[in-house]
Amino acid sequence: MKIIGITACTAGIAHTYIVAEKIQQAATEAGHECKIETQGTIGAQNELTPEDIKAADVVILAHDIAVGGVERFKGKPVVDIPISVAMKSPKSLIATIEKKLGKK
Amino acid sequence: MELKEILDEKIIDLELEGTTKDEALRNLSKRLLQAGYISDVDQFVKDIYVREAEGPTGMGHKISIPHGKSSAVRKIGIAIGRCVQDVKWESCMSEDGYQDTNIIFLFCVSDDNNFAENHMKLLADLAGKLGNDNRVRKLQEVTSKSELIDVIINDSACVAEGEKTSDQEEETIEELDIDLI
């Protein structure tokens with residue numbers, strides 16, 4: 001699958017980046033392509049392009065504060081979770097998405 | 001500017017004293033004061049607790065990442081303390097909401113968002129590196145400051161090629177909604 005997502009935590013200093021890395025690793029290890037945009041105190045990094053979004057099978061929004069640019073994902077399957085869920089269980093997150101979407 | 005330039009041995013303490021979270025935080029903050037990173041320990045610690053009140057900063061693997069923004073900050077950096085004895089810390093990773101912490105990454109960040117943006121980018125990179133389970137496990141084994149810095153900076157120091165990053169048990173997600181928006 002092609003997995004994309006956004007992470008955003010309250011302070012935008014630490015969890016945003018840690019969780020982006022955790023999702024990225026869990027997805028890559030499970031054999032998926034993955035790109036995560038971080039929306040932190042320094043603004044958006046690793047920004048998702050229209051091409052990324054078009055090609056994506058699923059969008060993960062892991063956040064504690066509102067994320068910007070959600071309208072970009074219109075018509076896409078979106079998983080909306082608190083950042084702590086992805087922090088705690090990144091692998092299970094990917095596995096559950098695989099199961100729900102019936103894709104490997 | 002590179003990551004290693006913000007990893008400053010002067011604000012790393014491999015034998016951090018303190019029997020409580022507060023003592024450990026204050027002792028580590030004193031180092032920041034001595035090294036010229038902050039102007040006031042009390043103000044800085046108070047600002048750290050503002051962020052602490054918003055949610056747990058224990059991230060499992062006995063590591064905590066307190067990270068307030070403070071007006072007392074003169075220079076952006078990250079203090080690292082390895083505790084002589086474990087301290088109890090709020091955590092989202094365990095059932096009872098607490099974990100034992102023995103390594104503290106204390107992010108020293110100004111409350112002025114435009115302050116040293118390039119340093120903030122490096123801190124973000126560093127935070128990302130803590131998302132690697134093998135790295136955080138390796139951190140427990142380091143014996144010197146230079147080794148600690150090496151484990152943080154070098155991806156090759158902590159992940160062998162082809163090696164999975166973690167085989168750790170994690171909580172299974174039972175419910176997950178996937179909606180079209």
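Which side chains of chain A and chain B meet in a salt bridge at 3.7 Å, N to O? They are those of K88(A) and E171(B). By salt bridge I mean a side-chain nitrogen of Lys or Arg within 4 Å of a carboxyl oxygen of Asp or Glu. Across the interface of chain B and chain A, that rule finds two salt bridges.

Before going further, some housekeeping. This is a predicted model, where local features need pLDDT of at least 70 and side-chain atom pairs count only at pLDDT 80 or more, while totals for chains, interfaces and linings use all residues. Residues are numbered from 1 along each chain as its sequence is written, chains are lettered from A and ligands numbered from 1 in the order in which they are written, and side-chain values use heavy atoms, with hydrogens and water left out.

Now the interface as a whole. Taking contact as heavy atoms within 4.5 Å, 37 residues of chain B touch 37 residues of chain A. The size of an interface is often given as the accessible area lost when the parts come together. Here the two chains bury about 3,400 Å² between them, and 63% of that is on carbon and sulfur atoms. Buried area is the accessible area, with a 1.4 Å probe, that two parts lose on being put together, summed over both. On the chain B side, L176(B), I178(B) and I181(B) supply 21% of the area buried against chain A, more than any other three residues.

Polar contacts come next. The term covers a pair of N or O atoms within 3.5 Å; within protein, one must be able to donate a hydrogen and the other to accept it, and residues adjacent in sequence count only if both atoms are side-chain atoms. Between chain B and chain A, eight residue pairs are in polar contact, both residues at pLDDT 80 or more. The elements giving two or more residues to the side of chain B that touches chain A are β5 (98-110), α3 (117-129) and β6 (178-180) of chain B. Of these, α3(B) gives the most, with six residues. Helices (H or I, at least four residues) and strands (E, at least two) are DSSP runs, numbered from the N terminus.

Which strand of chain A is joined to β6(B)? That is β5 of chain A, residues 77-81, with three bridges, and the two run antiparallel. Strands pair if DSSP finds at least two bridges between them. P77(A) stands opposite L180(B), and V79(A) has I178(B) as its bridge partner.

On its own chain, β5(A) pairs with β4(A) in the parallel sense over four bridges. V59(A) is partnered by V78(A) in β5(A), and L61(A) by D80(A). Six bridges join β1 of chain A, residues 2-8, to β4(A), again in parallel, with A8(A) opposite H63(A).

Why is β4(A) described as largely enclosed by the rest of the structure? Because six of the six residues of this strand, 58-63, are buried, where buried means under 20% relative accessible area, exposed over 50%, and partly exposed in between, with a 1.4 Å probe and protein chains only. In a regular strand the side chains alternate between the two faces of the sheet. In β4(A), V58(A), I60(A) and A62(A) on one side and V59(A), L61(A) and H63(A) on the other are all buried. For β5(A), four of the five residues are buried, so this strand too is largely enclosed by the rest of the structure.

Finally, some single residues. Q39(A) lies in β2 of chain A, residues 33-40, and is buried at 15% relative accessibility. Its side chain makes a polar contact of 2.9 Å with that of E37(A). Beyond four places in sequence, Q39(A) has contacts including A8(A), T16(A) and R72(A).

In chain B, D8(B) is placed in the segment before β1 (12-16) and is buried at 14%. The side chains of D8(B) and Y37(B) are joined by a polar contact of 2.7 Å.

Two non-glycine residues have positive phi: N46(A), at about 55 degrees, and K62(B), near 65 degrees. N46(A) sits in the loop between β3 (43-45) and α2 (50-55) of chain A and is partly exposed at 44%. K62(B) is in the loop between α2 (41-52) and β2 (63-64) of chain B and is partly exposed at 32%.
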